[in-house]
Every structure is written in C-alpha cells, then in structure tokens.
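Subject: Structure handover

Hello,

Here is the protein we talked about. Please open it and keep it in view while you read on.

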Amino acid sequence: MPRKDKRPHSAVLQDPDTLENEVKPKQDKIEQVPPPLPPPPPQDTGPTEAVILHPGSSTLHLGLASDLSPHSVPHYIAYRYNSSAGDGNAKPRQPHGVSSVLTYGAELTPDLVIQRKAGLSSLRQALCEARERLGVVEPGKGEEEECALFNARTQPVSGQWDDAEEENVQWTDVSSSPKYVIGTDALYLAPDSGYRVFKPLRYGKLNVASDCPHSLVLNMLEDLWTKAIEDFLGIPRKEFKMYRVVLVVPDMIDRSMFKEFMNILLLRMEFASALLHQESLCATYSAGLSIACVVNVGDERTHICCVEEGVSNPNTRVTLHYGGSDITRLFYWLLKEIHFPYKGCSESSLEDGQLVQHLKETLCHLDPTITGIRAHAFSVTSRETSVVHDYEMKLSDQGILAAMGVFYPSTFCLPDRSPLMFGQVPPPPDPEDLFDEGHWLDSQPQQQSRPVPVKCEVAPELLPEATKRLGSVHPGKILGLDQAIHFSIDCASSLEIKKKLYSSILVVGGGLSFGNVSNMLNARLQLKLPIVLTKGLEDMEIFTNPRDLDSSIVAWRGGAVLKCLDTCQELWIEKQEWEFSGVRLLRERAPFAW
C-alpha cells in the first residue's frame, strides 16, 4: 500500500513563489512603523511677562519679573486742585494726608516728652552696657557739649548754583499743566504751583478722611500706579491687557482692601490676570528660606510674622506702630539738642524732611564700637534764590541713639497709635462673599448683630505665657523690636519650631537699613533668650541682605520669584473670572489662609 503522508496540510510543499507572496505581507506588517504624529499647534497660553507691584505707605517698588531690581518711587501724587473745582483763583489748601516726615501725628504733650527723656536715659545706659561687654571705652561726657558749641558757632558758606547742578535743584516743571504728577515730582512742587499733594496709603491703610472719601483714594491709586508703569516701565496703558500683575501686600491687612486692589488691577487698569501674595512669604521666597521669622520694618509700621514651611502662621503676627520715619524724627530731635546748624529747617517742609531723611540714612548706625566726635558736611539748596548753602556739623552718639530707638519706642513719642496689634484683625462683613461668616451672622433675622471688632492688643489666651518671659507685657505697653520678636516666636506651635525660628531671622524693609543691624539684634535677643531654648539651639543667624539684595527690595524680588513657581500657576485670577465671580475667587485661590 502506498505510504500516507502524515505531515500537516500547512507543511505540504508548495510553490516557492506562492510562499514568498504569503510571507512578504507579514514581513511588511512587522517592519511597518507608523509615521510620527505632527507637533500640536501652538496654544495661546496668555501673557507670559508680569509686572510686580509692592506698594508701601511711602514708597512704591515696581518692575518687570525679568528685572534684577525694581524702580523705587515715592508713593505720592499731586493733583491740580483748580482743575476740578473750576476756580482759577483758588488759593492753595493744606495738603491732605501729607506732612513732612518731621511732623508728629499729634501735639506732643508734656507726658510724652517726659517719657522720651526717660526712654533716652534707659537707651544710653543700654549703649554703655553694650560697649562694656565689647571692651569699648565709653566716650567722654563732654563730647556732646563740644559738638553743641561747634554747631552753634558754625556759619554756612553760600554760593550760586553750578550749571551742572541746576537740573537737580529746580522746582518740578508744570508749565504744561498736567492733571497730576507723581513720585519725586510731587514732592518738589513750588508752593504756588497750584497742586495739592496726596498720600493714598498711610499706616498700611487707605488714607481716607472727611475731605478725601474712599472712592477718591481708589482713584488716586489707579492714577498713581498707571502713571508709574507708563513712565518707569515704558508700558502704555492700552497694553496692560498683555501683562499679568503680582501685587505684594502686608500680612496684617483688612481683607476688604484685597477686593479693592483686585478691582483696580483687573477692572480699571485691565490687566490680563492678577495674583496677590503676602510680604513675609515673598521675602522667604527671595531669601530661599523655608522657615523664618520675618521682621519687616517699614516707614510707618513694623510687621513681624513667622513662616513655617511656606505658610504664614497668623497666630505669630505682630504689628508695631513705628518704623523708619519715627527714627528720622528722633534723629532730628537729637540733632536739635546739639544745635543743628541748619537753623531754617522747617518741620512742615517736605523738602527739609527729605534732607533729614538723607542725613539719617548716611549717619545712623548700630555699631557700638564707633565712638568719638565725627564731622559731616551737607548742602541745602534754595530754589527761590538760586543759592546753595554748605554746612558743617559735628555729632557724637546721635546716630546710634536714634537707630536704637526701635528697642526703646517710648523715645518715639507715639501719641495716637495703638501700642500693639496681634493676630489678624477681623474684617467687616462682606455681602458679596456668600461664605463670609460676619455677613451670615448679620443677616440672620432672629439673632443679634455681632459686636464691632475691636483692635486686639495681645491675645488673652497667649498673654500669660508671654509675660512669664517678657515680664512686663500688658495691654497699653509699647514693645521694643527685640521684645516683639521674642513674643512672635513664643507663639509658635512647638519647641523645635521655636528653635528653628531663632536660627533663621530675616530682617527686611527699608526702615532699618543701617550698619551692624544683625550683630546688635543678635546681642539683644540673646540677653532675653529663654534657658529652655538655649539647649540644642544652633547659632542664631540674622539675615539682613540675603543674596546681596538690598533689604528694602527683598519682598519685591520674592514676588518676581513667585511668578515663576509652578505651584502658583493655577492661582492666577483672570479678568473674566473676576468679573463673573468677584471676591469669592480669593477664598478659593488666595495662596494664603483667607
């Protein structure tokens, strides 16, 4: 019988051409690679450049996020007062909210003068003890008398202006009759120029008065910020919609001001989007610190707040109602005690106030090793008579005594400002915010309206613990800067956090930009450091110029860093979103506790 082929049917020999035709499509299917997908079309991600604004009571810092340093503009605006009134013969009125830095907020009472003298006595004793610890010989008692005798006898040397100096000493040119001028131009207007100077912010609040209502102050901020951006950044107003804006605000501020600021930036100035953030956090971003006690000494107020892992602890916030301008007034008072040679210095003159401010920045320091009599020359220019007067004066310890006033604030003669504000001030009810607790309580038909919030001085539940160390802290007492730092850190959550905060103290702001700040503050904090914190505490480190930045622009630089953080890209508030949702968006997207 023929042998049967047991091979499977597929293995039966076939024509080679047929096999080739069957295998080739399979090989083609394996070797075939899909073509690469085309790149996605470019999407419009909106504006990429951002304007960084950091408004203070006396100075506005502004610039682009790509700038290394901001422009610093005096936060003043002057309006042509007869343009709105329509009376060309109107007489100049007293400027609202604007007085020389040498003018006190209220009349000095005899009690305040006595307190100042007592504070200066304690201050001199502390300076003497600091020099003893450093082994520095205390200067002789006759130095101040010698300085006073020299200053009383010295006479100025007068001369005509040089052509090269003429541009810097003339009054602001308003021959074109602009509606308003800002910054330095507003400070150097002729008395008969027909303009009235305003200061929109004061003590961290809107400078509202009976003759300057809330709406007018908001218009001032809009005009001032718009003019500054156009003049210093070269961005015309019609192009604001092509930019984002970051606004750096104080930690302790009425939340209702956030809404007003957003309305100005998005609805009036028409920026594409905006982002608000707090000064303390922006300062830590700029310094590269994750935990720090931030001490922000401004011109009129001092804010202290502890930042823990990128979060501002509201329980540690302290506001002191004194700053750099109070140091200026104390320095001027000390100069008058040794017969300041410029006899025509007027406390009501904005120009003379700027002169004393410059002398303070030049001569004040916190280095107890500097002793002896020092000579200093300065010039006073007269814009009316085209004459420059050169003065020479001598001084001894006036510079360090004025700067040390922050540790003895009774020397500042603070008549009408609260001694201490602690925590977060409760905001007024906001009917636009559906989740606002105050508005919800007030709208209940059968419940009593909540009491008007009172400015808290020291939290009662935290006061006993603080008094164990500070000894004399009580409502009504004005804390020195070193005491307030101890108080703020003492309110932190744990002992380990407190040790880390003492090891990382960040001093920012332009109010304390003097030499040897870190050493003096370190020595004073060590004197009252609790024993329980000395064990295991690393070296107390105080940062005054982190990354070689001027202390006055550290917070602004942090706003520029904030713009680049990936974690903040979802926190921008677009103009259309703000128009639709309003203040409710801040509760959802504010990068801090609302």
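Helices here are DSSP runs of at least four residues, and strands are runs of at least two, numbered from the N terminus. On that count, the protein has 21 helices and 21 strands. Please note that this is a predicted model.

**Overall**

The protein has 594 residues, and 49% of them count as buried. It exposes about 29900 Å². Carbon and sulfur atoms supply 51% of that area. Now take the contacts between residues at least 6 apart in sequence: 72% of these join residues at least 24 apart.

Find helix H15, residues 481–490, and helix H17, residues 517–527. Their axes lie 10 Å apart, at an angle of about 60 degrees. What does that make them? Angles from 65 to 115 degrees count as roughly perpendicular, and those under 35 as roughly parallel. H15 and H17 are therefore oblique to each other. The crossing of H15 past H17 is right-handed.

Which residues meet there? H15 brings Asp 482, Ile 485 and His 486. H17 brings Leu 521, Arg 524 and Leu 525. By type, the residues of this contact are three nonpolar, one polar and two charged.

**An enclosed helix**

Next, go to helix H9, residues 279–287. Buried means under 20% relative accessible area. Eight of the nine residues of H9 are buried, so the helix is largely enclosed by the rest of the structure. The buried ones are Glu 279, Ser 280, Leu 281, Cys 282, Ala 283, Thr 284, Ser 286 and Ala 287. Gly 288 follows H9. Its phi is positive, near 75 degrees.

Neither is a glycine, yet phi is positive in Cys 413 and in Asn 516.

- Cys 413 has phi near 55 degrees. It sits in the loop between helix H12 (398–403) and strand E18 (421–422). Is it buried or exposed? Its relative accessibility is 2%, so Cys 413 counts as buried.
- Asn 516 has phi near 65 degrees. Its loop runs between strand E19 (505–508) and H17, the helix that packs with H15. Asn 516 has 24% relative accessibility, so it counts as partly exposed.

Best wishes

Note on methods. Residues are numbered from 1 along each chain as its sequence is written. This is a predicted model: local features need pLDDT of at least 70, side-chain atom pairs count only at pLDDT 80 or more; totals for chains, interfaces and linings use all residues. Side-chain values use heavy atoms; hydrogens and water are left out. Buried means under 20% relative accessible area, exposed over 50%, partly exposed in between (1.4 Å probe, protein chains only). Contact means heavy atoms within 4.5 Å. Accessible areas come from the Shrake-Rupley method with a 1.4 Å probe; for residues, only the protein chains shown count as cover. Axes are lines fitted to C-alpha atoms, for helices over the stretch in contact, and angles run from 0 to 180 degrees between N-to-C directions. Angles under 35 degrees count as roughly parallel, over 145 as roughly antiparallel, 65 to 115 as roughly perpendicular and the rest as oblique. A crossing is left-handed if the near helix is turned anticlockwise from the far one by less than a right angle, and right-handed if clockwise. Ala, Val, Leu, Ile, Met, Phe, Trp, Tyr, Cys and Pro count as nonpolar, Asp, Glu, Lys and Arg as charged, and the others, Gly among them, as polar.
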